[in-house]
Amino acid sequence: MKKHNFYAGPSILPDEVYRQAKAAIDDFAGTGVSVLSVSHRSKEYVAVMEKARALAKELMGLDDDFEVLYLQGGASMQFLQIPYNLMRTKAAYLDTGTWAGKAIKETRYFGQTEVVASSADRQYRYIPKDYDIPADADYFHITTNNTIYGTQMHNIPESPVPIVADMSSDIFSRRMDFNRFGLIYAGAQKNMGPAGATLVAVRKSLLGKTGREIPTMMDYRTHIAKGSMFNTPPAFSVFVVMLTLEWVKRQGGIKAMEERNEAKARLLYDELDRNPLFVPLVDKPDRSRMNVTFVLSDEGLQERFDRMWQDAGIVGLKGHRSVGGYRASLYNALPIESVRVLVDVMRELERKA
Ligand SMILES: *Cc1c(COP(=O)(O)O)cnc(C)c1O
């Protein structure tokens with residue numbers, strides 16, 4: 001690809017994955033048919049779905065209680081599908097920003113919600129630390145990386161109840177004990193593939209306990225029973241997720257991703273901390289290694305800075321419309337060279353200002 005792609009999502013994928021996806025649009029797995037036009041019931045496609053499910057489980061080291069599904073409706077559908085399937089009477093949520101807030105909003109259809117802590121008091125620029133998780137909650141919901149504000153949970157708290165985690169923007173980016181969770185979900189379009197599929201890894205032992213009737217499509221057990229193919233899956237998206245997970249594995253798995261992501265984040269934060277023209281937005285201990293948010297110390301430099309990074313071949317650096325400023329998304333597939341180009345532009349701005 002010719003541009004340095006810092007978009008927050010849909011976002012950059014590995015060059016190899018683009019090439020493989022293109023080739024499969026012409027001829028999928030030697031079938032003589034495009035991957036866009038092959039039946040999801042063909043043995044070649046069933047193998048893709050099975051591989052995409054197995055690779056996610058393998059890379060995260062999930063135990064056998066977990067089932068991996070690829071569903072539609074985005075992470076946003078999970079905001080309601082989770083309480084539908086897991087909430088008997090009450091759930092606990094940590095409010096770390098817009099996505100957490102949207103997840104909290106959907107729970108009111110299903111029961112009582114306790115927001116254990118919020119960082120709304122300082123525009124979500126930190127992760128709340130001291131709070132109690134009620135032992136009578138059915139689960140505790142967190143957002144491990146806050147894509148819009150640029151915060152990330154570097155410690156997952158001890159919890160007396162199963163932890164449900166929205167990992168949309170940092171899945172497969174860092175090591176964690178994934179078996180500590182009850183349910184993990186992520187829209188594909190940030191770190192795994194094109195929009196369309198949403199990964200859900202759920203513990204079977206948590207299901208079927210609400211006493212509530214669940215419509216067929218909303219019930220995780222429907223999708224588990226049918227190997228994530230109850231109805232037509234988002235076939236192309238899952239295919240590209242499979243290619244991306246194969247790429248992650250070839251690179252050395254999540255550990256290798258973590259090392260690269262740390263190096264990229266360090267390079268950019270070091271420059272933001274050094275260069276007096278830039279102000280990082282998030283408290284140091286809670287800074288995200290995936291989405292780096294910052295502003296200019298002098299807004300008068302905006303036009304010049306914008307022209308400079310665009311001339312350097314950078315796209316996608318504008319902050320979310322609710323926050324303003326800038327956001328550099330450093331997902332797995334972004335090469336460190338792209339971060340170097342951005343840092344060079346920042347230094348050049350300093351020299352010229
Ligand atoms: C992007 C994002 C979402 C929303 O995902 P959709 O697939 O668009 O519904 C939810 N949570 C987080 C953390 C995100 O980054």
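Which atom of the ligand lies 3.0 Å from a polar backbone atom of Ala75? An oxygen atom of the ligand does, and I would like to start from there. What we are looking at is a predicted model, in which local features need pLDDT of at least 70 and side-chain atom pairs count only at pLDDT 80 or more, while totals for chains, interfaces and linings use all residues. Residues are numbered from 1 along each chain as its sequence is written, and side-chain values use heavy atoms, with hydrogens and water left out.

Let me stay with the ligand. It is surrounded by 13 residues, the closest being Ser76, Thr147, Asp166, Gln189 and Lys190, where a residue is near if one of its heavy atoms lies within 4 Å of the molecule. An N or O atom in the side chain of Ser76 is 2.6 Å from a ligand oxygen atom, and a polar side-chain atom of Lys190 likewise lies 2.6 Å from an oxygen atom of the ligand. Taken alone the ligand exposes 380 Å², of which the protein buries 87%; these accessible areas come from the Shrake-Rupley method with a 1.4 Å probe.

Now to the pockets and cavities. On a 1 Å grid over the protein atoms alone, a cavity is a set of points where a 1.4 Å probe fits but cannot get out, whereas a pocket is an open set with protein on both sides within 12 Å along at least five of seven lines, and lining residues have an atom within 4 Å of a point. A volume is the space filled by probe spheres set on the points, which are joined across faces, edges and corners.

The largest pocket has a volume of about 280 Å³. Of its 22 lining residues, Ala75, Trp99, Ser168, Gln189 and Lys190 are the closest to its centre. The second largest pocket holds about 220 Å³ of space, and among its 17 lining residues Ile12, Pro14, Asp15, Ala333 and Pro335 lie nearest the centre.

The largest cavity has a volume of about 50 Å³, and its lining includes Gln152, Arg174 and Glu258. Because domain 1 (15-251) and domain 2 (253-352) both give residues to that lining, the largest cavity lies between them; the domain bounds come from an automatic or database domain assignment. The second largest cavity, at about 40 Å³, is lined by residues including Lys190, Trp247 and Ala333, and it too lies between domain 1 and domain 2, because both give residues to its lining.

Key. Polar contact = N/O pair within 3.5 Å; in protein donor to acceptor, adjacent residues only side chain to side chain.
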